[in-house]
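Hi,

Here's the structure I promised to send over.

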Amino acid sequence: MKKIASIFKNKEIVNRIFFTIAILFVIRIGAAITVPGVTVSGDLANAMNSANAVSLMDLLGGGALQNFSIFALGVSPYITAQIIIQLLQKDVLPALTELSKQGQYGRKKTEMATRYLTLMLGAVQAYGIIKTMENSDYITVNMELNFWSYAYIIVILLAGAMTVMWLGDQITEKGLGNGISVVIFAGIVRSLPIQIGSAANMWIGTNYKESTELIKGSFQFALYILAFVLILAFVVFIELAKRKIPVQHSGKSGGQTASMAKASFLPIKINSAGVIPVIFASSILMAPSIIASFITSDTPEWLKIFSYSEMVDMGNGFKFPWGLLIYMTLIVLFTFFYATIQIDPENLATNFRKNGSYIPGIRPGNETERYVRKVVNRVTCIGAIALTFIAALPVVLTLSGIFGNNSSLAIGGTGLIIAVGVSLEISAQIDGLLAGKSFDEVQATAGRE
């Protein structure tokens with residue numbers, strides 16, 4: 001309560017909160033405006049309640065794909081472009097690698113390249129979404145189907161994506177948190193009350209006539225809420241957990257206080273890759289379906305292998321979730337891959353040597369590199385297992401049929417990881433703003449004295 005009171009006493013934080021809410025309100029209005037010339041089927045809303053690739057696209061679109069709105073692409077092309085640029089900067093494209101070392105100027109040039117790539121990827125993704133939606137009978141284009149009609153819809157979707165990206169940048173500068181993440185966060189939080197309400201209606205609302213059924217339903221609903229809270233706590237723990245490698249600096253140990261020595265460490269997060277591996281894995285599984293939609297309007301039967309929300313019939317009544325197995329394997333592989341990119345042991349060891357830093361008991365150079373690599377691999381192994389469990393949980397619950405036909409009740413998933421990560425980021429930013437105000441007040445008091 002004391003922190004909440006301090007927040008509302010801080011004019012800057014209050015202004016940032018209201019500015020963020022205003023921008024999100026604009027985005028929600030845009031998410032309700034369907035693309036002109038397109039009619040949306042009711043089946044699209046049902047598809048969003050399933051643990052499939054379409055629901056993930058809606059998640060990255062901030063919940064705007066459900067109405068096939070002008071903001072349907074959301075920030076998905078921008079996220080993909082960012083990931084590609086980050087990969088190319090790792091000594092793949094020398095020009096981008098050089099820009100990454102040029103400070104503020106390099107960051108501006110890299111951001112410009114990211115935006116151009118966003119336009120190209122957005123155009124391809126927009127066409128893929130249109131064809132996928134058409135082939136699944138989720139939308140009907142009320143125009144003559146030719147190049148110009150598709151170009152018209154693609155331009156609208158691209159304009160919406162760039163507008164959302166610009167609004168996200170405004171949140172980053174004048175609001176709270178990273179704007180792109182906050183846009184996705186708003187779409188996730190929007191669906192939580194609906195999910196809880198559906199659960200209450202399923203176990204309590206339909207059983208009010210029979211007292212025994214009401215008691216049973218209330219117990220099931222309470223168990224569902226408890227499971228949700230436990231999964232949420234687990235995600236928070238994974239997001240905050242880190243392995244601290246002690247680091248000392250030559251020439252500074254003599255004058256170093258106990259508190260400074262304690263604070264000198266290299267933190268390695270268990271989940272250093274965030275949700276990027278999940279997005280990677282889902283994109284790869286979606287690619288065959290999008291490519292097939294360019295070739296034929298009929299969905300080939302073999303594509304079910306790449307759908308992690310379906311069981312593939314292997315004959316003799318035996319079904320196996322090949323898509324889910326591929327999905328989980330890709331998440332693990334990409335977690336290790338992205339963690340290596342985020343924490344490069346070779347560059348770390350080189351920087352330690354240049355700065356006169358070292359890990360106690362470990363020789364500088366190759367031995368430091370091997371030690372850091374070993375620690376990163378061990379920590380990432382735990383993170384990969386945890387991330388795979390959280391991402392696959394709603395799919396497993398859906399395939400098990402525990403919630404019947406209402407798969408929207410499945411807990412866990414990518415959305416929960418994003419929501420927790422953004423919440424922690426906003427909380428840390430607020431703490432920083434409050435600490436800054438406290439420091440200013442102390443300085444002002446000292447100046448008066």
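Helices α13 and α15 run roughly antiparallel to each other, because their angle of about 150° is over the 145° cut-off for that label. Their axes are 9 Å apart, and the crossing is right-handed. On the α13 side the contact is made by L324, Y327, M328, I331, V332, T335, F336 and A339. Facing them from α15 are contact residues including N377, T380, C381, A384, L387 and T388, with A391, A392, V395, V396 and L399 also taking part. Bear in mind that this is a predicted model.

Now for α13 by itself. Which of its residues are buried? They are G323, L324, Y327, L330, I331, F334, T335, Y338, A339 and I341. These sit on the same side of α13, because they cover an arc of only 155° around the axis. As background, an α-helix has 3.6 residues a turn, so residues three or four places apart point the same way.

Another helix to look at is α10, residues 211–240. From first C-alpha to last, its 30 residues reach 43 Å, close to the 44 Å expected. Buried in α10 are G217, F221, Y224, F228, I231, V235, I238 and E239.

As for the whole chain, there are 16 helices and eight strands, and 42% of the 449 residues count as buried. Among contacts with a separation of 6 or more, 71% come from residues 24 or more positions apart.

Cheers

Key:
Residues numbered from 1 in each chain as written. Predicted model: local features only at pLDDT ≥ 70, side-chain atom pairs only at ≥ 80, totals over all residues. Heavy atoms only, no water. Buried < 20%, exposed > 50% of the residue type's maximum accessible area, 1.4 Å probe, protein only. Helix = DSSP H or I, 4+ residues; strand = E, 2+ residues; numbered from the N terminus. Arc of directions from axis to C-beta. Axes fitted to C-alpha atoms, helices over the stretch in contact; angles between N-to-C directions. Parallel < 35°, antiparallel > 145°, perpendicular 65-115°, else oblique. Left-handed = near helix turned anticlockwise from the far one by under 90°. Contact = heavy atoms within 4.5 Å. Expected span 1.5 Å × (residues − 1).
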